[in-house]
Amino acid sequence: MRTDYHIHLHESNGLSLEWLKVYVEAAQAAGIEEIGISEHAYFFDETAGILTHPWAERRRTLKFKDYVALYEAAQAANLPVRFGLEMDYIPGKEEAIARFIERYPFDYVIGSVHWIGDWGIDLAEFRDEYERRKIDAVYEAYFDQVVTLAESRLFQFVGHIDLVKIFGYRPKDGAFLEAQYDRVVAALQKSGTLIEVSTAGLRKPVGEIYPSRRLLEKCRAAGVGIVLSSDAHHPKHVGYRFEEAVALAKSVGYTEIHRLERGKATPVPLT
């Protein structure tokens with residue numbers, strides 16, 4: 001079975017059933033049997049107070065009832081769609097995040113780290129910040145949050161787990177990077193949190209899959225489960241270069257991915 005649980009609609013053409021059907025058709029053409037809608041939480045008025053950066057505030061224009069209605073319409077139309085969300089993990093906001101998640105019948109919630117304090121690490125307008133900071137400190141601060149994200153047990157899987165590499169900046173000390181990986185993997189294993197093998201990085205300046213092969217090897221050795229994702233922001237991204245993601249996952253020993261429904265992860269064969 002193949003799934004793609006990291007799908008965004010709003011930024012490309014809004015939240016409508018007709019637009020969702022275009023994504024479903026793109027998935028079927030790519031041999032994907034089930035997709036999951038996972039809009040960014042910061043778009044919704046109901047998440048005010050979680051991510052409060054002005055960049056996000058300017059984009060908070062949606063009502064969550066409309067998102068729920070879209071999923072209900074997809075169910076009524078018998079579309080192979082799961083109900084998800086991508087939530088920015090903000091340290092100290094765990095209670096607010098939990099209260100929001102508990103209000104809705106999610107199949108899954110993706111926990112992602114996009115911010116180190118007030119710095120949006122994957123935003124092109126803030127890219128120069130990498131030149132002003134010590135890269136080891138950036139990586140340590142980023143992976144601090146990935147660890148506490150996993151420890152929170154609020155999310156079914158971590159989005160683009162090594163997003164911090166997006167612009168190609170990396171620590172020079174390989175042992176330091178391995179140590180960051182090790183503590184992340186330990187937190188994932190203990191909490192039972194999955195990760196995504198995401199082809200989105202192939203469309204970004206770094207030009208490689210999230211996570212790196214070495215991090216994925218460590219996850220596999222620790223028994224951390226995976227899902228496949230494209231982080232699609234347009235129908236043409238659905239299933240983008242999935243053969244490479246499947247090949248990478250298989251090459252480090254994975255034989256299963258996970259299907260997500262009502263917060264439960266069920267292993268299915270990786271085909």
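Buried here means under 20% relative accessible area. Keep that cut-off in mind for the close-ups below, which all come from a predicted model.

**View 1. Strand S2 is covered on both faces.** Take strand S2, residues 34-40. On one side sit Glu34, Gly36, Ser38 and His40, on the other Ile35, Ile37 and Glu39, and all of them are buried. With 7 of its 7 residues buried, S2 is largely enclosed by the rest of the structure.

**View 2. S2 pairs with strands S1 and S3.** S1 (residues 3-7) runs parallel to S2, and 3 bridges join the two. Look for Asp4, which stands opposite Ile35 in S2. S2 also runs parallel to S3 (residues 81-88), this time with 6 bridges. Here His40 has Glu86 in S3 as its bridge partner.

**View 3. Thr3 is tucked away in S1.** Thr3 is part of strand S1. How buried is Thr3? Its relative accessible area is 0%, so Thr3 counts as buried. Leaving aside neighbours within four places in sequence, Thr3 is in contact with Ile32, Glu34, Leu228, Phe242, Ile257 and His258.

**View 4. Glu34 and Arg259 meet in a salt bridge.** Side chains of opposite charge can pair when their charged atoms come close. For Glu34 and Arg259, the N to O distance is 2.8 Å. This pair links distant parts of the chain, 225 residues apart: Glu34 is in strand S2 and Arg259 in strand S10 (residues 256-261). Glu34 is buried at 4% relative accessibility, while Arg259 is partly exposed at 22%. Arg259 also forms a salt bridge with Glu261, with the closest N and O atoms 3.1 Å apart. Glu261 is partly exposed, at 37% relative accessibility.

**View 5. Arg132 and Glu129 pair up in helix H6.** Their closest N and O atoms are 3.1 Å apart, in another salt bridge. Arg132 and Glu129 are 3 residues apart in H6 (residues 129-132), so about one helical turn separates them. Arg132 is exposed, with a relative accessible area of 62%, but Glu129 is buried at 18%.

View 6. Glu178, Asp182, Arg213, Arg214, Glu217 and Lys218 are the ones linked up. The whole structure has 22 salt bridges.

**View 7. Helices H7 and H8 lie roughly parallel to each other.** The axes of H7 (residues 135-152) and H8 (residues 174-191) come within 8 Å and cross at roughly 10°. Among the residues making the contact are Tyr139 and Phe143 of H7 and Phe176 and Leu177 of H8. By class, the contact has 11 nonpolar, 2 polar and 5 charged residues.

Technical notes
Residues numbered from 1 in each chain as written. Predicted model: local features only at pLDDT ≥ 70, side-chain atom pairs only at ≥ 80, totals over all residues. Heavy atoms only, no water. Axes fitted to C-alpha atoms, helices over the stretch in contact; angles between N-to-C directions. Helix = DSSP H or I, 4+ residues; strand = E, 2+ residues; numbered from the N terminus. Parallel < 35°, antiparallel > 145°, perpendicular 65-115°, else oblique. Contact = heavy atoms within 4.5 Å. Nonpolar A, V, L, I, M, F, W, Y, C, P; charged D, E, K, R; others polar. Buried < 20%, exposed > 50% of the residue type's maximum accessible area, 1.4 Å probe, protein only. Pairing = 2+ DSSP bridges. Salt bridge = Lys/Arg side-chain N within 4 Å of Asp/Glu carboxyl O.
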